[in-house]
Amino acid sequence: MGLYQLARRVNAKRKAFLKMQAGKIMSPVRRIEKVFPPKGGRFVAMTFDDGPDALTVEGRESGLTDIILDELRRCGDKVTFDVIGSTAGNYPDEKGADGTFMWSGNAYDHYPCFGMDELAGAKNRPELVEKILSDGHEISNHGSTHTLFGRMRAVYGARRHFDTLPQVIGDLDDLHSYMLDKFGYKMRLGRPAHYIDRIPDGSDAYDAYRVMGYNYMAASFDGAGWQPRDTYDLEVRDMVEPLARALDSDPNALNGQIIFQKDGCNMARRTPIADALPQQLKILHDLGYKVVSVSELLDMSPFEDLDPDAEEAGAVKYLLDRGHTVGYKNNTFGGARTVTPEELYIMLASPETFREKRHMGQKDIYQAAKRAVNLDIGGASGREIIKAAESVGAELGERAMAIRDKKTVTRLEAVPAIADMVRALEK
Ligand SMILES: [Zn+2]
């Protein structure tokens, strides 16, 4: 595990740096780890990766996903199942040793485990998908075959991965179309296998999710269900104690956060989630938490740094609901920052503007927006924004007009005028 821990630490530093950089990039795809704590209660989202899973749990009569669903139904909680299609095509392959990262296969992942692929995945277990949906849970796209988007040599060595953006999109679309055609269900979120973002052709997960119209579903709290220990009981304890500890020091610690869980085996091919989940839920409920899906959480509070009760938040939500790009890649909104003409174009552009199947950096995003928005925005002073809005026949509300005399306008102050403009442009 030493090498993996080191790789994780290096990766964590790199990710912290990238996250800071990402706070300057307006992106149609936001990487969502957590949100500004919603008001009026405590809310936490729970996500379950790698299922659905019909593997029978020792000592129980039903399969794992059924056990999870029964418990959630008993408690009235809703979650997000981050499903795969099927790993049955990931052969030839060899099984690696239990307890290592190759536990389910050397060249690929196999769920629920090597040689038993038909027990897991939406395509093999449509009856479980049906139950998940009829219980009111959300389903997100974890990749049809759970193939890595790119390489991560330190951990996965020479494991197979995709090489190009079209390959990644093809795999995502395979599962997306399946869910749409068979269940009439449209997925809105994706999470890359093992969080590997970089595709070898110079594109990344953000490009793939932009084309798919998804947001990137990350998490802020690791439910630890993937980690192997000497015994099952220790594994269950590992999933319960950190949660209890985090909430012990601050009962609000998980309000607005996203918990990572597994609808599948850990590296020792055991399923501690079956016994840990009731304990986790009890701890959460005792503190008044309601467990929700990621989309429900985003609906209450879309960004990490925007109070959903702020007066302009309604205008932000209006734009988000129409699929407009208003925030930064790291799921911040940066409400206090001065808005720029480039950002105004990006906020005004319709979602279809950014569906090009190639790598798009910030400059490409801006240029696509400028081409799509048939307007001349010379500057971003209050007077210039109002002038542009009036030129498209926008009926400006009081809040939009409040910026009229401002030399510089913050992003939050600009949003009501942008919303009024989008309303006019849609007519
Ligand atoms: Zn996974």
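How are helix 13 and helix 15 oriented relative to each other, roughly parallel or roughly antiparallel? Point 2 takes this up, after a word on the model.

1. **Ground rules.** This is a predicted model, in which local features need pLDDT of at least 70, side-chain atom pairs count only at pLDDT 80 or more, and totals for chains, interfaces and linings use all residues. Residue numbers start from 1 along each chain as its sequence is written. Helices (H or I, at least four residues) and strands (E, at least two) are DSSP runs, numbered from the N terminus.

2. **Helix 13 beside helix 15.** Look at helix 13 (residues 382–391) and helix 15 (residues 411–426): they pack at an angle of about 15°, and their axes are 9 Å apart. Axes here are lines fitted to C-alpha atoms, for helices over the stretch in contact, with angles running from 0 to 180 degrees between N-to-C directions. Helix 13 and helix 15 are therefore roughly parallel to each other. (Angles under 35 degrees count as roughly parallel, over 145 as roughly antiparallel, 65 to 115 as roughly perpendicular and the rest as oblique.)

3. **What touches in that pair.** From helix 13, Ile385, Ile386 and Ala389 meet Ala414, Ala417, Asp420 and Met421 of helix 15. Sorted by type, the residues of this contact of helix 13 with helix 15 are six nonpolar, no polar and one charged. Two residues are in contact if their C-beta atoms, placed from the backbone, lie within 7 Å. For the types, Ala, Val, Leu, Ile, Met, Phe, Trp, Tyr, Cys and Pro count as nonpolar, Asp, Glu, Lys and Arg as charged, and the others, Gly among them, as polar.

4. **Helix 11 against helix 15.** Now turn to helix 11 (residues 341–348), whose axis comes within 10 Å of that of helix 15 and crosses at roughly 40°. That angle makes helix 11 oblique to helix 15. On the helix 11 side the contact is made by Glu343, Leu344, Met347 and Leu348, and on the helix 15 side by Arg411, Ala414, Ile418, Met421 and Val422. The residues of this contact of helix 11 with helix 15 divide into seven nonpolar, no polar and two charged.

5. **Handedness.** Helix 13 passes helix 15 in a left-handed crossing, whereas helix 11 passes helix 15 in a right-handed one. A crossing is left-handed if the near helix is turned anticlockwise from the far one by less than a right angle, and right-handed if clockwise.

6. **Two domains.** The protein is divided into domain 1 (31–297) and domain 2 (305–426), with bounds that come from an automatic or database domain assignment. Taken over C-alpha atoms, the centres of domain 1 and domain 2 are separated by 34 Å. Their contact takes 16 residues from domain 1 and 14 residues from domain 2. On the side of domain 1 that touches domain 2, strand 1 (31–32), helix 5 (165–183) and helix 6 (205–212) each supply at least two residues. Helix 6 gives the most to that side of domain 1, with four residues. The residues on that side of domain 1 divide into eight nonpolar, three polar and five charged.

7. Leu375 sits in the loop between helix 12 and helix 13. Leu375 is partly exposed, with 15 other C-beta atoms within 10 Å. Leaving aside neighbours within four places in sequence, Leu375 is in contact with Ala388, Ser391 and Val392. Lys363, found in helix 12 (residues 362–372), is exposed, with 9 other C-beta atoms within 10 Å. A residue is buried if 20 or more other C-beta atoms lie within 10 Å of its own, exposed if 12 or fewer, and partly exposed in between, with C-beta atoms placed from the backbone.

8. **Backbone spots to check.** The peptide bond from Gly51 to Pro52 is cis, with omega near -5°, and Pro52 is in the loop between strand 2 (42–49) and helix 2 (64–75). The bond from Tyr111 to Pro112 is cis, with omega near 10°. Phi of Tyr195 is near 60°, a positive value in a residue other than glycine. Phi of Asn331 is near 60°, and Asn331 is buried, with 27 other C-beta atoms within 10 Å.
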